[in-house]
Amino acid sequence: MSKYKHPSPNIKHPIFNNMITIQNLKKTYGNATVLNIENLEIQKGETFGLVGNNGAGKTTLFSLVLDLIQPTTGFVSVDDIKVNESEAWKNKVSAFIDETFLIGYLTPEEYFYFIGELRGQNKASVDEFLKQFHDLFNGEIVNSGKYVRDLSKGNQKKVGIVGALIGKPEIIILDEPFANLDPSTQIKLKNMIRDFANENGVTFLISSHDLSHTTEVCNRIVVVNKGEVVRDIQTTPETLQDLEKYFADQVSLGKQEISTEKTSL
Amino acid sequence: MFKRFLKLEWKSFFRGSSVGLNLLMKIFRMIGIFYFIFCFAGMAFLAYFYVEKEMGENPLKMVSRFLIIAWVVDLIFKYIVQQLPTQNIKPFLTLNIPKKVVVNYTLIKTFLSPLSWMNSFFFITFCGIMLFNGYGTLNTISWFVGVSLLFYLNNFLNFLFNDKEKIAIGVGVVIAVLSLLTYYDVIPTLSYSETFFYTIFEKPYFVLIPIALFAGLWKITFNYIRKGFYLDEGLEAKKVVGKTENIDFLNRYGAIGTFINNDIRMLKRNKVTKGILLGSFMFVFYGLLMFTNKYYQTPTALMFMGLFVTGGFQFTFGQRVPSFDSAYYPLMMTLNVPYKEYIKAKWWLLNIVTVFCIVLALFYAYFGWDVYFAFFAAGLYNIGVNSQFTLWSGAYNKTQVDLNLKEKRVGQKNSFSFKALILMIPKMILPMAVYGAMNYFFGIQAAVISIAALGLLGFVLREKIFDIIIKKYKSEKYSTLEAFKKD
């Protein structure tokens, strides 16, 4: 469909070891191919941003990485182990995709302890870990006397994101982390992600509609469109402009297509 | 306007996510409804002719006499089962529809549920017979209208008191006291009932009383709902204060302890699971049925009852094991816990409760030790064998459970699956057959021992069976995730 010429999608860094490898990954529902990625490698410590319009396949890709859906062909492997063959990847990966990753009938503390205990932490270390988010929580989450299901959408999101950070996972997957958050929290979240990536060498996979947030946080950005990787770039100061131009071109391209259809009628 | 609303209802019924799969269940439900209609109509014939021919009494007087009981039962039943449709009217709030219409729609909608109109079939049939047998037309109609309005007015009472537990408890106490006083003939409630309802028949203008009550309560309920018709008032789901709690000693058992802790919180904090807990407690007393019929006292039947007495929780909770976690199943599938630990935690929870039930069932020893031994053996079988088969059949159960919805227990069991049905054979039939046969040939000791031995065998082989179950769960994983997705 899109005739946009893009640079080669595979930039290899042989010095780093690949954390996540995606090979010939394809997902089709009936006749519709929602995702088709030939090859994608994500290095350890990379902050990987996934950008695209609605229906571009971002959540599908994450769901495939998390082995929540089955690929039609191809595979995803974490540390050279295919995710649908062994459960070993679960030790390294944590994720917050949507509210189905929250347990509504728990208080936020209980949720954090639950996740923490399964990630080998005890109550005290979880409490210690949560201290740094005091500011982010704004007094509305811990000791609020509310169950997660009764929190506002934004606060639920905070709970989910912080839950995904507990216990030093090596890979953290966040789907649309900036959506539904207030401006201050967005800024705090960006700082948090950068700190985590720098201090602990965590690999982040973040999807977003928001180009400026993504370019600020991520050191590599992949654009998907209709299930295919159309751009794969290392972030530079010009990246934001570049991306904005890409999407603007897409829009005008769409308009042209419509007008040509009209004239041909 | 109402026509359009009804169209929406129709669509929501047929386009619900479970429809395609569960059309069969819907058909069963229809059959059930017809069955009950038939029963109610049949009861009317029975009430009329049995009373007249066999007892030589006036059927209308007799029915009037017991109507008060029927009315109270109707009220209690509606309070427990009926769902109030306040939640799904939110989208109408900002549309160009007068609030008056929406409120009335909410009220009228409660009349449309089969629970509301089912009992009318009794009254319609009964009045039909009355007319046929020469009762006055005007009198009969006024009796019918009066009685029907009194029954339908329960819907309003239910609306007014549904979220006021204290009042409900108060009313419950009053009803209990009144029924005791009636039972011991202190207050002749029944003859009051007879006088009241019969008067409506005798003097048709008395029908104005129920009409006035109905209209008045409609107005009151209307105002009540109208006043709270804001998102932060009547329409908001009630919030409870969250308390952080933890059973510390369970933490010693690693991931399994964590999961059990979590499940206990789930059981305590959700409406559906609270219902399950209550239900499984009631199952402990299921064995009391044996005093209603001689047939129930055969060893095979005792075994059957024993399986339910000790395994009520196991059957009701265990069968829907992944379903209860459906709201956050993707989380469960990505946490760094092997499947086995997850299943094992459920297994422990089931068995802890089963042990508890076995101890609780000790009171059956009062009726003879052989009764308790049968139940005890059944309990061991539940622990050793059934706990695993129940979890196994859970793998095929892909019904989403909305934990905090007041579940209509009737008709909700649409988790019908043929495979689950086949698994009933080792669960129920095998122990019953073995127990019955062993008891027949070798006596009760041998029967208890052989069932216990089967339980022990299952217990010893549990790791092997877990492996099979886990394989099933894994192969069903993706379709389960898909089914649990919210639409």
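**Exercise 1. Which residues in α17(B) meet which residues in α19(B)?**

*Solution.* The model is predicted; local features need pLDDT of at least 70, side-chain atom pairs count only at pLDDT 80 or more, and totals for chains, interfaces and linings use all residues. Residues are numbered from 1 along each chain as its sequence is written, while chains are lettered from A and ligands numbered from 1 in the order in which they are written.

Step 1. Locate the elements: α17 of chain B spans residues 369–394 and α19 of chain B spans residues 424–442. Helices (H or I, at least four residues) and strands (E, at least two) are DSSP runs, numbered from the N terminus.

Step 2. List the contacts, where two residues are in contact if their C-beta atoms, placed from the backbone, lie within 7 Å. From α17(B), B:A377, B:A378, B:Y381, B:V385, B:N386 and B:F389 meet B:P426, B:K427, B:P431 and B:Y435 of α19(B).

Step 3. Classify them: eight are nonpolar, one is polar and one is charged. Here Ala, Val, Leu, Ile, Met, Phe, Trp, Tyr, Cys and Pro count as nonpolar, Asp, Glu, Lys and Arg as charged, and the others, Gly among them, as polar.

Step 4. Describe the geometry: α17(B) and α19(B) pack at about 145 degrees, with axes 10 Å apart. Axes are lines fitted to C-alpha atoms, for helices over the stretch in contact, and angles run from 0 to 180 degrees between N-to-C directions.

**Exercise 2. Explain why strand β8(A) is largely enclosed by the rest of the structure.**

*Solution.* Step 1. Apply the criterion: a residue is buried if 20 or more other C-beta atoms lie within 10 Å of its own, exposed if 12 or fewer, and partly exposed in between, with C-beta atoms placed from the backbone.

Step 1. Six of the six residues of β8(A) (residues 203–208) are buried, so the strand is largely enclosed. A:T203, A:L205 and A:S207 point one way, whereas A:F204, A:I206 and A:S208 point the other way.

Step 2. Identify the partners. Strand β3(A), residues 47–51, runs parallel to β8(A) with five bridges, and A:L50 has A:S207 as its bridge partner. Strand β7(A) is likewise parallel to β8(A) through five bridges, with A:I172 opposite A:F204.

**Exercise 3. Characterise the contact between chain A and chain B.**

*Solution.* Step 1. Count the residues: 29 of chain A are in contact with 26 of chain B.

Step 1. On the side of chain A, β6 (93–96) and α2 (108–118) each supply at least two residues. The largest share, five residues, comes from α2(A).

Step 2. By class, the side of chain A divides into 14 nonpolar, six polar and nine charged residues.

Definitions and conventions. Pairing = 2+ DSSP bridges.
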